[in-house]
Amino acid sequence: MTFPGARSTTSPPALDIDGVSKYYGHFPALRDIRIKVAAGSTVALLGRNGAGKTTLLKIIAGLSKPSQGSVRIGGQEVREQATRARIGVLGHGISVYDELSALENLTIFAKLYSLPEPERRALEWLERTGLDRVRDGLVREFSRGMRQRLAVARAFIHEPEVLLMDEPFTALDDRAIAVLQDLLADAHASGRTIIMSTHQLREALELATDVVLIQRGQIAHAGPRTQEMVDDTGWLYRTYGED
Amino acid sequence: MTPFLRATITIAAKDLRSEFRTKEAFNASLSFSVVILVLFSFAFDPTSEQMQSISGGLLWLVFSFASALSLNRSFARELQNDCLDALVCAPVPVAAIFLGKALANYLLLICVEITALAVFALFYDTHFSQQLGPILLVIALGTWGMTVIGTTFSALTVNLRMREVMLPTLVYPLLVPALMAAMTLTTDLMNGMPLGGDNLLWLRVLTGFDFIYTLLAMVFIDIVVVG
Amino acid sequence: MSETVSEKTRDRIMYVLAMLSAALLTWNLYKIFMILPDEKNQGAIYRIVYMHVPSIFTGFTGFFVALAASALYLITKDLKYDAFAAAVTEVSLAFASIVLATGMIWGRIIWGIWWAWDARLTTMLVCWLIYFGYVMLRRAIDEPTQRARLSAVVSVFGCVDIMIVYKSIEWWRTQHPAPVLSVRDGGGMGPGMESPIYWNWLAFMCLAAILVMVRMRQESISREIDSLRRMAHAY
């Protein structure tokens, strides 16, 4: 399945998932997934719990190796070091350290991404997520919403070309959702590629340019987002799902 | 500075900083070591000649018990909030992350051990001042061996049920050659024997162990963490 | 269809090996107990060597085969090598236990003590502990692919360790030879006394092969059950 995406270019697709399968023992968690995503698309990865969304995102993020097939980001293998600098991952956990301050957390990741002037970059992002006033506070003492905003800053501090998000809207408070939505709008406007798995059909479908429905580890439907999907969130499952 | 080295130092600094804030591992390891040292005095007559001949063994038993406590925490600390995922996603080799964590563990353990050594000297009538340099060398080498194996297996067991049980079950048998060498050397040095002759053989075992396992760990850590 | 054919072939191979092993063992036992005389220094107990030494050979052959299988798994990611490595390690661990048990019985009679901290004994014990850890680790991991990967790494680390332990303990005990050990060097093998060791080795290897095959079948069935269970839960 190839998405035309927002822009058409002759360069390799932003994300090329080529025949990816993942087995746990004999159990196929993913079977022969093929998706090409053009730069600038926003893809909503939909499916029930246990359908394989998280597994697929982990493979795209390079956190887990596929049993077969390959994942390329802009034409490069995902486990190559240079490729990893081009993706930003926001997973289930917030991936920041409780015993460190907000600024320390972001500085560490800025350093790991070899960003110039890591501390300045960290401060910039603290401001962007509205955490500049508590920059020296320990994450342990943060409220839930503050932790989530910090997690967003941590994931995208290196301004990646491809943003991967696993259930980004689940368990976020209003302010964090607003921060995230702003960020995603910005990212989309500047031509970045966004892949998100989600249960929150409405939020996801409003943002998405394309939709992939995964069922039992296989692609049940992949295509551009249509208006009827937004109007009636049950439509997608009724039309392409088994129930 | 190469990117590899920079990543290693960043990770090591991060671990040391959070350890410095909480002092969890340090306090646990140190109080545990002191308790064991006190308990040893009941096991045998602490003033006898016998004490001299087993001092090295005692000391390394204390060190290896204490190390299990802090090494267990090494990768487990990354599980909280799924931090390990973020580290693995970062454009740095897993080997650099491993080395950074190993360095942090190493410095922490060395601090615990030096303190335990001082307590040991206070409680038991040992005379290691004449061979202090070589003793420190043996501690440095032996601790690195424990750290490399311990950190590798901390990564390996991090997602398992019964992590706390699995780590020592796997680590102690593997540490036999290193501990054997370190114990023999330390006992000899504490009895005033200089480094040389037969002892050099043990020093070679210890150095070889460190070298082989550092290499193996760097090669296999990617398989262990990512798959 | 091909599955059932290979199943049948495997069964046939197992029966052949079992008969070979049984025949060899019977002949060897007859020879060891009825034909060979008592050894002049040790008396009747020396016969335990015919169990002890072949078990060592079988066990160590197994551990090295397991190392190779683990390496192959890491290279190919094919779970059949993992099943092979696991089966071989477990069977070798059983033979290692025989080595320890027979060695201790012999030591009790000849040395008067159950255990001596001699180079070979200590190596064997450390080896046993390492591979016991391997088996424990396998039990602690549910997901077959993760289990295969992590236990393969442990197998590599363990095998390297045993080589280091062996070398270093040799040095250690050659520096401080324990007097009880001279008995061991004193008793040489008389003519015709040595060959049953090798014949028994062959018999033990056949036995080990059968056990490995049974264990591998269990392993593949349990993997299948695991994947069926996952499927039942997933869909």
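Colleague: How many helices and how many strands are there in chain C?

Modeller: Residues are numbered from 1 along each chain as its sequence is written, while chains are lettered from A and ligands numbered from 1 in the order in which they are written. Helices (H or I, at least four residues) and strands (E, at least two) are DSSP runs, numbered from the N terminus. Along the sequence, chain C reads α-α-α-α-α-α-α, and the count is seven helices and zero strands.

Colleague: What length does helix α2 of chain C reach from its first C-alpha to its last?

Modeller: Helix α2 of chain C covers residues 49-76, which is 28 residues. The expected span of a helix is 1.5 Å times one less than its number of residues. For this helix, the expected 40 Å is close to the span in the model, 40 Å.

Colleague: Which helix supplies the largest share of the side of chain C that touches chain A?

Modeller: Two residues are in contact if their C-beta atoms, placed from the backbone, lie within 7 Å. The contact takes 12 residues from chain C and seven residues from chain A, with α5 (144-175) and α7 (195-234) of chain C each supplying at least two residues of the chain C side. The largest share, seven residues, comes from α7(C).

Colleague: By class, what residues make up the side of chain A that touches chain B?

Modeller: Here 27 residues of chain A are in contact with 23 residues of chain B, and the largest share of the chain A side, four residues, comes from α3(A). Ala, Val, Leu, Ile, Met, Phe, Trp, Tyr, Cys and Pro count as nonpolar, Asp, Glu, Lys and Arg as charged, and the others, Gly among them, as polar. By these classes, the chain A side has 13 nonpolar, eight polar and six charged residues.

Colleague: What distance separates the centres of domain 1 and domain 2 of chain A?

Modeller: Chain A is divided into domain 1 (1-86 + 161-243) and domain 2 (97-159), with bounds that come from an automatic or database domain assignment. Their contact takes nine residues from domain 1 and 10 residues from domain 2, and helix α6 (residues 174-189) of chain A gives the largest share of the domain 1 side, five residues. Taken over C-alpha atoms, the centres are separated by 26 Å.

Colleague: Which residues have the most contacts inside the largest nonpolar core?

Modeller: A nonpolar core is a set of buried Ala, Val, Leu, Ile, Met, Phe, Trp, Tyr and Cys residues joined through C-beta atoms within 7 Å. Leaving aside residues up to four places away in sequence, L164(A) touches residues including L57(A), I60(A) and I195(A). The core has 198 residues, and those with the most contacts inside it are I60(A), L150(A), L164(A), I195(A) and V212(A).

Colleague: Near what value is phi of N81(B)?

Modeller: Most residues other than glycine have a negative phi. N81(B) lies in the loop between α3 (49-79) and α4 (83-89) of chain B and is buried, with 20 other C-beta atoms within 10 Å. Its phi is positive, near 65°.

Colleague: Which element of chain A has the lowest mean pLDDT?

Modeller: The mean pLDDT of chain A is 86, and 94% of its residues reach 70 or more. Where pLDDT is low, the predicted coordinates should not be read in detail. Among the elements of chain A, α3(A) has the highest mean, 95, and the lowest, 74, belongs to helix α9 (residues 235-240) of chain A.

Conventions:
Predicted model: local features only at pLDDT ≥ 70, side-chain atom pairs only at ≥ 80, totals over all residues. Buried ≥ 20, exposed ≤ 12 C-beta atoms within 10 Å, placed from the backbone. pLDDT = per-residue confidence, 0-100.
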